[in-house]
Amino acid sequence: MDAFLETLFKSFPLPLLIASIVASILVLGKAADVLVDESVSLSLSWGVPKMIIGATLVSLGTTLPEVSVSVLSALDGNPGIALGNAVGSIICDTGLILGIAILISPPDIDKRLVNRQGWIQVGAGFLLLAVSLPWSNLGSTFTAGGGVTQITGFVFLGLLGLYIYMSIRWSKSGKPGELEVGMDDTIEVDKSAPSLRVFVKLFLSIGIVIFSSKTLIPAVMETAGRLSIPEEIIGATLVAFGTSLPELVTAIQASRKGHSELAVGNVIGADILNVLFVSGAAAAVTSEGLKANGDFFKFYFPAMIIVLILFRIGIMFSKKQIGRPIGVMLLVVYLLATVAGYLFKN
(Lines give C-alpha, C1' and ligand atoms only; values in the text may rest on other atoms or scores of the structure.)
Protein backbone atom coordinates (compact mmCIF):
# COMPACT_ATOMS: atom_id res chain seq x y z
CA MET A 1 0.00 0.00 0.00
CA ASP A 2 2.86 2.37 0.83
CA ALA A 3 4.41 1.95 -2.61
CA PHE A 4 1.02 2.49 -4.25
CA LEU A 5 0.44 5.72 -2.32
CA GLU A 6 3.92 7.02 -3.10
CA THR A 7 3.38 6.37 -6.83
CA LEU A 8 -0.08 7.91 -6.69
CA PHE A 9 1.05 11.12 -5.00
CA LYS A 10 3.97 11.52 -7.40
CA SER A 11 1.40 11.82 -10.21
CA PHE A 12 -0.56 14.55 -8.41
CA PRO A 13 -0.07 18.23 -9.28
CA LEU A 14 1.04 20.37 -6.33
CA PRO A 15 -2.42 21.91 -5.60
CA LEU A 16 -3.98 18.42 -5.44
CA LEU A 17 -1.15 17.25 -3.18
CA ILE A 18 -1.80 20.11 -0.77
CA ALA A 19 -5.54 19.38 -0.89
CA SER A 20 -4.80 15.73 -0.03
CA ILE A 21 -2.75 16.81 2.97
CA VAL A 22 -5.50 19.12 4.20
CA ALA A 23 -8.15 16.40 3.72
CA SER A 24 -6.05 13.81 5.59
CA ILE A 25 -5.47 16.22 8.46
CA LEU A 26 -9.17 17.05 8.73
CA VAL A 27 -10.20 13.38 8.71
CA LEU A 28 -7.44 12.61 11.22
CA GLY A 29 -8.68 15.29 13.59
CA LYS A 30 -12.33 14.23 13.32
CA ALA A 31 -11.55 10.55 13.85
CA ALA A 32 -9.50 11.37 16.95
CA ASP A 33 -12.37 13.51 18.22
CA VAL A 34 -14.79 10.58 17.85
CA LEU A 35 -12.27 8.31 19.54
CA VAL A 36 -12.15 10.54 22.61
CA ASP A 37 -15.95 10.83 22.86
CA GLU A 38 -16.52 7.08 22.52
CA SER A 39 -13.74 6.27 24.99
CA VAL A 40 -15.33 8.59 27.53
CA SER A 41 -18.79 7.11 26.85
CA LEU A 42 -17.50 3.58 27.34
CA SER A 43 -15.64 4.45 30.52
CA LEU A 44 -18.64 6.23 32.01
CA SER A 45 -20.90 3.29 31.21
CA TRP A 46 -18.46 1.10 33.14
CA GLY A 47 -18.58 3.48 36.12
CA VAL A 48 -14.98 4.75 35.89
CA PRO A 49 -14.63 8.12 37.70
CA LYS A 50 -14.45 11.13 35.40
CA MET A 51 -11.32 12.33 37.18
CA ILE A 52 -9.44 9.22 36.04
CA ILE A 53 -10.82 9.56 32.51
CA GLY A 54 -9.66 13.14 32.26
CA ALA A 55 -6.21 12.41 33.67
CA THR A 56 -5.50 9.46 31.38
CA LEU A 57 -7.95 8.41 28.67
CA VAL A 58 -8.81 11.82 27.21
CA SER A 59 -5.17 12.92 27.08
CA LEU A 60 -4.12 9.64 25.47
CA GLY A 61 -6.95 9.92 22.94
CA THR A 62 -6.12 13.46 21.83
CA THR A 63 -2.45 12.55 21.25
CA LEU A 64 -3.24 9.46 19.17
CA PRO A 65 -2.83 11.34 15.84
CA GLU A 66 0.68 12.42 16.88
CA VAL A 67 1.56 8.89 17.98
CA SER A 68 0.16 7.32 14.81
CA VAL A 69 1.93 9.73 12.46
CA SER A 70 5.25 9.59 14.33
CA VAL A 71 5.39 5.81 14.68
CA LEU A 72 4.43 5.20 11.06
CA SER A 73 6.93 7.85 9.93
CA ALA A 74 9.72 6.15 11.88
CA LEU A 75 8.77 2.74 10.49
CA ASP A 76 8.70 4.18 6.95
CA GLY A 77 12.24 5.54 7.37
CA ASN A 78 11.31 9.17 8.00
CA PRO A 79 12.48 9.77 11.60
CA GLY A 80 12.77 13.50 10.97
CA ILE A 81 9.00 13.77 10.65
CA ALA A 82 8.56 11.60 13.76
CA LEU A 83 10.64 13.76 16.11
CA GLY A 84 9.63 16.98 14.36
CA ASN A 85 5.99 16.09 14.97
CA ALA A 86 6.58 15.51 18.70
CA VAL A 87 8.57 18.71 19.26
CA GLY A 88 6.41 20.76 16.90
CA SER A 89 3.24 19.56 18.61
CA ILE A 90 4.52 20.85 21.97
CA ILE A 91 5.28 24.23 20.38
CA CYS A 92 1.90 24.25 18.64
CA ASP A 93 -0.07 23.09 21.69
CA THR A 94 1.56 25.51 24.13
CA GLY A 95 2.19 28.45 21.80
CA LEU A 96 -0.68 28.46 19.32
CA ILE A 97 -3.49 26.55 21.05
CA LEU A 98 -2.98 27.88 24.56
CA GLY A 99 -2.37 31.36 23.15
CA ILE A 100 -5.69 31.29 21.29
CA ALA A 101 -7.54 29.83 24.28
CA ILE A 102 -6.19 32.52 26.62
CA LEU A 103 -7.02 35.32 24.18
CA ILE A 104 -10.60 34.09 23.68
CA SER A 105 -11.28 33.65 27.39
CA PRO A 106 -8.56 34.11 30.06
CA PRO A 107 -8.83 30.87 32.05
CA ASP A 108 -9.37 30.53 35.77
CA ILE A 109 -6.78 28.14 37.16
CA ASP A 110 -6.37 25.80 40.10
CA LYS A 111 -2.72 26.61 40.88
CA ARG A 112 -2.23 23.41 42.87
CA LEU A 113 -3.19 21.29 39.87
CA VAL A 114 -1.46 23.44 37.27
CA ASN A 115 1.76 23.64 39.27
CA ARG A 116 1.91 19.90 39.88
CA GLN A 117 1.25 18.90 36.28
CA GLY A 118 3.01 21.99 34.90
CA TRP A 119 6.38 21.14 36.42
CA ILE A 120 6.13 17.67 34.89
CA GLN A 121 5.35 19.37 31.57
CA VAL A 122 8.49 21.54 31.74
CA GLY A 123 10.60 18.66 33.02
CA ALA A 124 9.49 16.47 30.12
CA GLY A 125 10.56 19.16 27.64
CA PHE A 126 14.01 19.51 29.22
CA LEU A 127 14.34 15.72 29.35
CA LEU A 128 13.68 15.43 25.61
CA LEU A 129 16.30 18.12 24.92
CA ALA A 130 18.84 16.45 27.23
CA VAL A 131 18.55 12.96 25.71
CA SER A 132 18.76 14.41 22.17
CA LEU A 133 22.09 16.19 22.74
CA PRO A 134 25.21 14.55 21.22
CA TRP A 135 26.99 14.23 24.57
CA SER A 136 30.05 12.53 23.05
CA ASN A 137 30.67 15.56 20.79
CA LEU A 138 28.75 18.64 21.95
CA GLY A 139 30.62 20.77 19.44
CA SER A 140 28.58 19.16 16.65
CA THR A 141 25.23 20.05 18.23
CA PHE A 142 24.33 22.78 15.72
CA THR A 143 25.75 20.97 12.70
CA ALA A 144 25.43 17.19 12.87
CA GLY A 145 22.88 17.29 15.68
CA GLY A 146 21.95 14.36 17.91
CA GLY A 147 18.92 12.16 18.46
CA VAL A 148 16.78 9.92 20.64
CA THR A 149 18.03 6.32 20.84
CA GLN A 150 15.83 3.24 20.77
CA ILE A 151 16.73 2.44 24.39
CA THR A 152 15.67 5.95 25.41
CA GLY A 153 12.38 5.35 23.63
CA PHE A 154 11.69 2.32 25.82
CA VAL A 155 12.66 4.34 28.93
CA PHE A 156 10.17 7.04 27.89
CA LEU A 157 7.43 4.43 27.54
CA GLY A 158 8.25 3.19 31.04
CA LEU A 159 8.01 6.75 32.35
CA LEU A 160 4.67 7.06 30.52
CA GLY A 161 3.32 4.13 32.50
CA LEU A 162 4.58 5.75 35.72
CA TYR A 163 2.98 9.08 34.79
CA ILE A 164 -0.40 7.43 34.11
CA TYR A 165 -0.18 5.50 37.37
CA MET A 166 0.64 8.65 39.35
CA SER A 167 -2.14 10.59 37.59
CA ILE A 168 -4.64 7.94 38.64
CA ARG A 169 -3.40 8.08 42.23
CA TRP A 170 -3.55 11.88 42.27
CA SER A 171 -7.06 11.85 40.81
CA LYS A 172 -8.27 9.50 43.53
CA SER A 173 -6.72 11.56 46.30
CA GLY A 174 -7.54 15.00 44.86
CA LYS A 175 -10.51 17.26 45.27
CA PRO A 176 -13.69 16.33 43.41
CA GLY A 177 -13.43 17.54 39.82
CA GLU A 178 -9.74 18.48 40.16
CA LEU A 179 -8.56 16.46 37.20
CA GLU A 180 -11.68 16.44 35.06
CA VAL A 181 -9.66 17.54 32.06
CA GLY A 182 -11.78 17.74 28.94
CA MET A 183 -14.92 16.62 30.76
CA ASP A 184 -17.68 19.16 30.44
CA ASP A 185 -20.65 20.05 28.30
CA THR A 186 -18.08 20.57 25.53
CA ILE A 187 -18.07 16.75 25.18
CA GLU A 188 -21.44 15.14 24.64
CA VAL A 189 -21.62 11.61 25.95
CA ASP A 190 -24.43 9.14 25.40
CA LYS A 191 -24.30 7.11 28.60
CA SER A 192 -27.09 4.83 27.41
CA ALA A 193 -25.30 3.78 24.21
CA PRO A 194 -24.85 -0.02 23.99
CA SER A 195 -21.26 -1.09 24.62
CA LEU A 196 -21.09 -3.04 21.34
CA ARG A 197 -21.97 0.03 19.28
CA VAL A 198 -19.47 2.10 21.24
CA PHE A 199 -16.77 -0.54 20.65
CA VAL A 200 -17.48 -0.57 16.90
CA LYS A 201 -17.22 3.23 16.68
CA LEU A 202 -14.11 3.14 18.85
CA PHE A 203 -12.23 0.68 16.64
CA LEU A 204 -13.47 2.33 13.44
CA SER A 205 -12.10 5.66 14.62
CA ILE A 206 -8.76 4.05 15.47
CA GLY A 207 -8.64 2.51 12.01
CA ILE A 208 -9.44 5.85 10.36
CA VAL A 209 -6.72 7.58 12.38
CA ILE A 210 -4.15 5.02 11.24
CA PHE A 211 -5.33 5.10 7.60
CA SER A 212 -5.31 8.91 7.54
CA SER A 213 -1.78 8.88 8.93
CA LYS A 214 -0.70 6.42 6.23
CA THR A 215 -2.00 8.73 3.49
CA LEU A 216 -0.72 11.90 5.15
CA ILE A 217 2.93 10.84 5.37
CA PRO A 218 3.66 10.12 1.65
CA ALA A 219 1.71 13.24 0.62
CA VAL A 220 3.77 15.36 3.00
CA MET A 221 7.04 13.77 1.87
CA GLU A 222 6.25 14.35 -1.82
CA THR A 223 5.25 17.97 -1.16
CA ALA A 224 8.38 18.61 0.91
CA GLY A 225 10.54 17.17 -1.86
CA ARG A 226 9.00 19.36 -4.55
CA LEU A 227 9.33 22.50 -2.41
CA SER A 228 12.86 21.56 -1.23
CA ILE A 229 11.77 21.73 2.42
CA PRO A 230 13.50 19.30 4.83
CA GLU A 231 11.20 16.65 6.32
CA GLU A 232 12.12 17.79 9.86
CA ILE A 233 10.68 21.25 9.20
CA ILE A 234 7.53 19.81 7.62
CA GLY A 235 7.12 17.54 10.63
CA ALA A 236 7.63 20.35 13.13
CA THR A 237 5.17 22.72 11.45
CA LEU A 238 2.55 21.39 9.03
CA VAL A 239 2.23 17.85 10.39
CA ALA A 240 2.46 19.03 14.00
CA PHE A 241 -0.32 21.55 13.39
CA GLY A 242 -2.49 18.94 11.71
CA THR A 243 -2.12 16.32 14.41
CA SER A 244 -2.82 18.97 17.06
CA LEU A 245 -6.23 19.74 15.55
CA PRO A 246 -8.16 17.80 18.23
CA GLU A 247 -6.59 19.95 20.95
CA LEU A 248 -7.15 23.11 18.89
CA VAL A 249 -10.84 22.38 18.24
CA THR A 250 -11.38 21.45 21.88
CA ALA A 251 -9.59 24.60 23.08
CA ILE A 252 -11.61 26.95 20.86
CA GLN A 253 -14.90 25.25 21.70
CA ALA A 254 -14.19 25.22 25.44
CA SER A 255 -12.97 28.83 25.45
CA ARG A 256 -16.04 30.07 23.58
CA LYS A 257 -18.21 28.49 26.27
CA GLY A 258 -16.14 30.09 29.03
CA HIS A 259 -14.31 26.91 30.02
CA SER A 260 -10.79 27.65 28.75
CA GLU A 261 -9.32 26.07 31.88
CA LEU A 262 -10.14 22.76 30.17
CA ALA A 263 -7.82 23.71 27.31
CA VAL A 264 -5.03 24.48 29.79
CA GLY A 265 -5.32 21.06 31.42
CA ASN A 266 -5.57 19.26 28.10
CA VAL A 267 -2.49 20.99 26.66
CA ILE A 268 -0.40 20.27 29.76
CA GLY A 269 -1.26 16.57 29.51
CA ALA A 270 -0.72 16.54 25.74
CA ASP A 271 2.75 18.09 26.08
CA ILE A 272 3.82 15.42 28.57
CA LEU A 273 2.50 12.68 26.31
CA ASN A 274 4.19 14.19 23.24
CA VAL A 275 7.51 13.54 24.95
CA LEU A 276 6.87 10.23 26.68
CA PHE A 277 4.34 8.64 24.32
CA VAL A 278 4.90 10.17 20.86
CA SER A 279 8.70 10.40 20.76
CA GLY A 280 9.06 7.36 23.03
CA ALA A 281 6.95 5.06 20.84
CA ALA A 282 8.48 6.37 17.60
CA ALA A 283 12.04 5.85 18.89
CA ALA A 284 11.24 2.41 20.31
CA VAL A 285 10.00 0.96 17.00
CA THR A 286 13.23 1.61 15.07
CA SER A 287 16.76 0.47 15.88
CA GLU A 288 18.19 3.75 14.58
CA GLY A 289 16.08 5.85 16.95
CA LEU A 290 15.08 9.38 16.00
CA LYS A 291 17.53 11.79 14.38
CA ALA A 292 17.63 15.43 15.51
CA ASN A 293 19.59 17.50 13.00
CA GLY A 294 21.11 20.91 13.66
CA ASP A 295 17.84 22.74 12.92
CA PHE A 296 16.25 21.19 15.99
CA PHE A 297 18.87 22.75 18.22
CA LYS A 298 18.86 26.08 16.35
CA PHE A 299 15.11 26.63 16.26
CA TYR A 300 12.73 23.96 17.52
CA PHE A 301 14.21 22.84 20.83
CA PRO A 302 14.82 26.48 21.90
CA ALA A 303 11.27 27.42 20.84
CA MET A 304 9.89 24.44 22.78
CA ILE A 305 11.79 25.39 25.94
CA ILE A 306 10.86 29.07 25.59
CA VAL A 307 7.11 28.44 25.31
CA LEU A 308 7.19 26.00 28.22
CA ILE A 309 9.13 28.40 30.45
CA LEU A 310 6.98 31.34 29.36
CA PHE A 311 3.86 29.42 30.30
CA ARG A 312 5.40 28.52 33.67
CA ILE A 313 6.27 32.17 34.33
CA GLY A 314 2.76 33.17 33.35
CA ILE A 315 1.34 30.72 35.90
CA MET A 316 3.74 31.88 38.62
CA PHE A 317 2.71 35.53 38.22
CA SER A 318 -0.97 34.78 37.77
CA LYS A 319 -3.34 34.80 40.71
CA LYS A 320 -6.58 33.10 39.77
CA GLN A 321 -6.56 33.80 36.05
CA ILE A 322 -4.02 33.77 33.19
CA GLY A 323 -4.02 37.19 31.51
CA ARG A 324 -4.24 37.84 27.78
CA PRO A 325 -0.66 39.26 27.55
CA ILE A 326 0.62 35.74 28.24
CA GLY A 327 -1.51 34.46 25.36
CA VAL A 328 -0.06 37.11 23.04
CA MET A 329 3.51 36.20 24.00
CA LEU A 330 2.88 32.48 23.47
CA LEU A 331 1.47 33.16 20.00
CA VAL A 332 4.45 35.38 19.09
CA VAL A 333 6.94 32.66 20.04
CA TYR A 334 4.99 30.12 17.97
CA LEU A 335 4.92 32.38 14.91
CA LEU A 336 8.62 33.28 15.22
CA ALA A 337 9.65 29.63 15.49
CA THR A 338 7.55 28.68 12.47
CA VAL A 339 8.83 31.53 10.30
CA ALA A 340 12.45 31.01 11.39
CA GLY A 341 12.30 27.33 10.57
CA TYR A 342 11.25 28.05 6.98
CA LEU A 343 13.46 31.09 6.36
CA PHE A 344 16.68 29.56 7.69
CA LYS A 345 16.25 25.97 6.58
CA ASN A 346 19.38 24.18 5.46
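A salt bridge here is a side-chain nitrogen of Lys or Arg within 4 Å of a carboxyl oxygen of Asp or Glu. With that in hand, look at Glu 222 and Arg 226, whose side chains meet in such a bridge at 2.9 Å, N to O. Before going on, please note that this is a predicted model, in which local features need pLDDT of at least 70 and side-chain atom pairs count only at pLDDT 80 or more, while totals for chains, interfaces and linings use all residues. Residues are numbered from 1 along each chain as its sequence is written, and side-chain values use heavy atoms, with hydrogens and water left out.

Let us stay with Glu 222 for a moment. Glu 222 and Arg 226 both sit in helix H8, four residues apart, which is about one turn of the helix; helices (H or I, at least four residues) and strands (E, at least two) are DSSP runs, numbered from the N terminus. Glu 222 also forms a salt bridge with Lys 10, where the closest N and O atoms are 3.5 Å apart. How exposed are the partners? Glu 222 counts as buried because its relative accessibility is 15%, under the 20% limit; exposed means over 50%, and partly exposed is in between (1.4 Å probe, protein chains only). Arg 226 is partly exposed at 33%. Through shared partners, the salt bridges join Lys 10, Glu 222 and Arg 226 into one network. Lys 10, for its part, is exposed, with a relative accessible area of 55%.

Now step back to the whole chain. It has 13 helices and two strands, and buried residues make up 57% of its 346 residues. Contact means heavy atoms within 4.5 Å. Among contacts between residues at least 6 apart in sequence, 88% join residues at least 24 apart.

Next, visit the loop between H12 and helix H13 (324-343), where Phe 317 is found. Ser 318 lies in the loop between H12 and H13 too. Is Ser 318 buried or exposed? Ser 318 is buried, with a relative accessible area of 8%, whereas Phe 317 is exposed at 70%. Leaving aside neighbours within four places in sequence, Ser 318 is in contact with Ile 109 and Lys 111. The C-alpha atoms of Ser 318 and Asp 108 are separated by 9.6 Å, although these residues are 210 apart along the chain.

Together with Trp 119, Phe 126, Ile 309, Ile 313 and Met 316, Phe 317 makes a nonpolar surface patch of about 660 Å². Patches are made of residues with over 30% relative accessible area and no salt bridge, with like charges joined within 9 Å and nonpolar side chains (Val, Leu, Ile, Met, Phe, Trp, Tyr) within 5 Å. Accessible areas come from the Shrake-Rupley method with a 1.4 Å probe; for residues, only the protein chains shown count as cover. Helix H6 (111-132) and helix H12 (294-316) each supply at least two residues of the nonpolar patch, and H12 gives the largest share, three residues.
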